[in-house]
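Me: Hey, I've just opened this one and I'm new to it. Can you walk me through a few spots?

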Amino acid sequence: MSKIFPTYCKYLLAFGLASAVVSCSNTRFLKEGQMLYTGAEVKIENDTISKKEKKDLQSALEANLTPKPNSTFLGMRPKLYFYNIAKEPKKDKGFNYWLKYKVGEKPVLLGDVDREFNKDIIENYSENKGYFNARATYDTVSKNKKAKVVYTLRPGSRYLIDGVKFQKDSTLINKEIQNLTARTLLKNGQPFDLDVIKAERERIDSRLKERGFYYFHSDNIIVQADSTVSKNHKVELNVKLKDDTPDLSTQQFSIDKVVVFPNYNIQDVRDGKYTIPMDKDSLSKYTFDDIYVIDPQHKFKPKIFDRALYFKKGDLYNRSNHNLTLNRLISLGVFKFVKNEFITSDSLNHKFDAYYLLTPRQIQSLRLEALGRTNSANYAGSELNLNWTHRNFFRGAEQFKAAIFGAFDFQMGGPENANNMFRAGANVQLSIPRIVAPFRFNSSSAFVPRTNINLGYEFQNRTQYYTLNNFTGSFGYIWKENIRKEHELKVIDITLVSPAKVTDEYKRISENNPAMQRIVAKQLIFGPTYSYTYTNTMQPKTNTFYYKGTLDLAGNLTGLLTGANVKQGKEKDIFGIAFSQYAKIENDVRFYHKFTEKSSLATRFIGGIAYPYGNSEFIPFSKQFFSGGSNSIRAFRARTLGPGSFDPRTIEQGAYFDQSGDIKLELNAEYRANLYKFLNAAVFVDAGNIWLLHDDPQRPGAKFSKDFLNEIAVGAGVGLRLDFSILILRLDLAMPLRVPYYEKGSRWAFDKINFGDSSWRKDNLVLNIAIGYPF
C-alpha cells in the first residue's frame, strides 16, 4: 500500500482535488531528525499593562520573528508540496525548475530557526518601546515531525516620558533648533518609544534643511534618556547635538550661481567630448536672468528654466525648493534624467553653486500601433494608429502630437451585409508647459501647468445606415495643486457633427423615431468644460479615495445673448446649424479598502444629469449617458441597457440603436484577490440604469420618476485579470440578476437561472474582454 500511495496522491493532484494535498502529508519527505517549522507564538506575562497594549506588543513581536514558516492555504501547504514532488532540475530552466522553485517553496525546518537571535529581538524591541529590563525565554513544542517555538516575555511596566529638555548654547544652529521645540513629537506622559525619538530627529533634520543647513543629518542629534532622576517608571529626555558633529553640518548655506546644462550626457563627459565651465568668465556668455544656461546649440529657450527653477542667486538653501525644482524639470516631459549637484564656491561665506545636469529624451518619436479588440456588443475588429511626437516643438518644451488612425469593426456571426462600422481620422495636440493667458498665473506646485490645444477629425461609416463627419477642437488648461488635486478647464470645447450620407434603410427604421433621427442630425456644440480630480490612491493606505467631478456648459452665453428659446419658437442657429444649449454634471466617486496585501474591495458610484434648455429641447446624442459594457454594468451588452424600463427587444430585428439617457445612476462593487503572481481573480456586483428627463412615445417607461428604484438593473459575475505590469488583460463573465424591462414583480431573475440550458447561457452570460481595471 505504501508504494501505491505517492502515485495515487499525484493522480489526485493532477485533477486539482484539494483532498490530495491534505492526505499527502509534507512531513513524509523529511529526513531522519528533521522537523517542519510551523511558526512562533509570543506569550506576554504582565498584569500591569492593558489588554490592548499586550495585543499590540504581541502582534509586533511575532511580525519581527524569523524565519517565516511555509505559506498555507486553508490549513494546507500546497507550495511546499509542489517543491517536494518536483524532481531536482539539472538546469535553471524547464518545467521541473519552474515547478520546484517558482511554484514550489523550500521547506522551513526547525533547524533554520535561531531561537537565541529571536529572543534577543523580543527583548530589544520591548525595551525600544519602553518596557525596560524585559526578559524572554523560549520553549519548543513538537508533534508528528512538526514543531513550533513559544516565546514567553516578561516585560515589566512601561516607562513614560517625564520631561523633555532641548539643551541650549550660543550657536546659530542651536537657536534654530530652539525655534522648533514647540512642535516636538516628544510629549510628557507619552510612553518612551524609540521610533518616536527617531521621528523627532528626522523632523528636526527636515526643518533645518528648510533653513539652509544642507549638510546637516539626523544622526547629528542624540536623545539621552535618564531613568534615574524620576520615580514610578518615568524617564527624562535630553535632546542635543552630538559632540563630534562636523562644523560643515552646523552652517547655513546660500546659493551663489545657478547653472543649467540642458544637453548633459555622462558618456560624453567620460569620453572627454564635453567640458563643464566652472569660472564666471566662461559662464558669462550664457547668462539669463541670474542663471546660466549652457546651451551652445540653442536647443532650448532659457526662459523655460527660469520658470522651472526655484533657486535664485542669494537665496538661502531649502529642501522644499530643491525638490520642487527637480519635480518641475521632470514634469516638463522633455528630459530623461535630471541630476542636481551643489558645489561649494565660497566656504568662508558658506555659499555653493547649484548645478542642474539634464539629459534630454529623444526629441522626436514615431510609433505604429496595431490593435485587435472585441466588445460585449458582439463586435470584433482592429485598429491601426500612427503617432508622431515632437517634445520640443518651439524650443520651449512644447509637446506636439499628431496621429492618424483607421478602425474596422464587424458583427461576429452576423449576416453578409451586417451593420459593420468603419472609422478613420486624424488629430493633433500642442501642449505648452505654461498658462497662455492675458493674466499672470503663478503656481508653486511641483507639476508644471499646461495649455492644451486640440484639433481632430473623424469619419464614421456605419454600413447600411449612415456616414458622419465629426470635427472637434478645444483650447484649455490643466494644472495640479499637488499630487492629489488636478484641475482641467477647457475654455472652449467645440464639436461639429455633419452627416455625409443617410441610407433609405435608416430613414425607414427611424421614420417614427425622433431619437434615432437626432443621431444623424447636424450638431454644433460649443462651450466651456471643467473637471476636478482628487485622489490619494497612490498612497500606501488601507482606505483610499478617488473623486472626479465634471461640469459641461454648452451654448449658455450665446443663448443668453441671442435670447434663444426653442419652446417659444425662437431657435437660433450659426451657419445654418442650431447650436446646442445645456448644462451637464457628472460625478465619479470611488472607494478602495485593502484587507491584505493580496486582497481588496473596490467600489464606485456614478451620478450624472444633463439638462437641455434655451436653444435645445434635447441633449445631443454624443453628450448623453450610456450604460452596459465592460466598464459599466457588465451583465448587459454595451449601450443596450435602459433608458428606464424600456424594453430593447421591441426594437426592429436587425436594427442598431444605442440606448442613451439624460440621467445616470450606477453603483459597482468588486472584491479582488491575487491567486498567483500575475494571476488575479474578482467577484463583482453592478447596479444602475439611465433615464430620460422627458417622455418619449417610442420608448415607454424611459422617463425618470419616483419609481426609479424599481428600474435598477443588477448584474453579477466573476473575473480573471492577467497583470503583466505594463498590461492588464481582463476577462469578466457576468449574468443579469435583475432586468428592469421585465414585468413588475418578476424583474429579479434568480428563478430563471439555468446553467444547463444552452439557450439561457447564450442570452444571459456576457463575456467582457478588456484592457485594465474597470475602475
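Me: Which backbone nitrogen lies 3.4 Å from a polar atom of the side chain of N768?
Reply: That's the backbone nitrogen of S630. It's a polar contact, meaning a pair of N or O atoms within 3.5 Å; within protein, one must be able to donate a hydrogen and the other to accept it, and residues adjacent in sequence count only if both atoms are side-chain atoms. One caution: this is a predicted model, where local features need pLDDT of at least 70, side-chain atom pairs count only at pLDDT 80 or more, and totals for chains, interfaces and linings use all residues. Residues are numbered from 1 along each chain as its sequence is written, and side-chain values use heavy atoms, with hydrogens and water left out.

Me: Which backbone oxygen lies 3.1 Å from a polar atom of the N768 side chain?
Reply: The one of R634. N768 itself is found in strand β29, residues 766–771. Helices (H or I, at least four residues) and strands (E, at least two) are DSSP runs, numbered from the N terminus.

Me: Is N768 buried or exposed?
Reply: N768 counts as buried because its relative accessibility is 0%. Buried means under 20% relative accessible area, exposed over 50%, and partly exposed in between (1.4 Å probe, protein chains only).

Me: New topic: which residues touch the most other members of the largest nonpolar core?
Reply: F305, L309, L329 and Y356, out of 25 residues in that core. The largest share, four residues, comes from β11. A nonpolar core is a set of buried Ala, Val, Leu, Ile, Met, Phe, Trp, Tyr and Cys residues joined through side-chain atoms within 4.5 Å.

Me: What is Y356 in contact with, leaving aside neighbours within four places in sequence?
Reply: Its partners include V258, F261, L309, L329 and K339. Contact means heavy atoms within 4.5 Å. Apart from this core lies another, of 20 residues, among them I177 and F213.

Me: And helix α8, how many residues does it have?
Reply: α8 has 16 residues (194–209) and reaches 23 Å from its first C-alpha to its last, close to the 22 Å expected at 1.5 Å a residue. That expected span is 1.5 Å times one less than the number of residues.

Me: What caps its N-terminal end?
Reply: D193 does, with a side-chain oxygen 2.9 Å from the backbone nitrogen of D195.

Me: Which residues are buried in α8?
Reply: Among them are I197, I204 and L208. The cover over the buried residues of α8 includes β5, β6 and α12.
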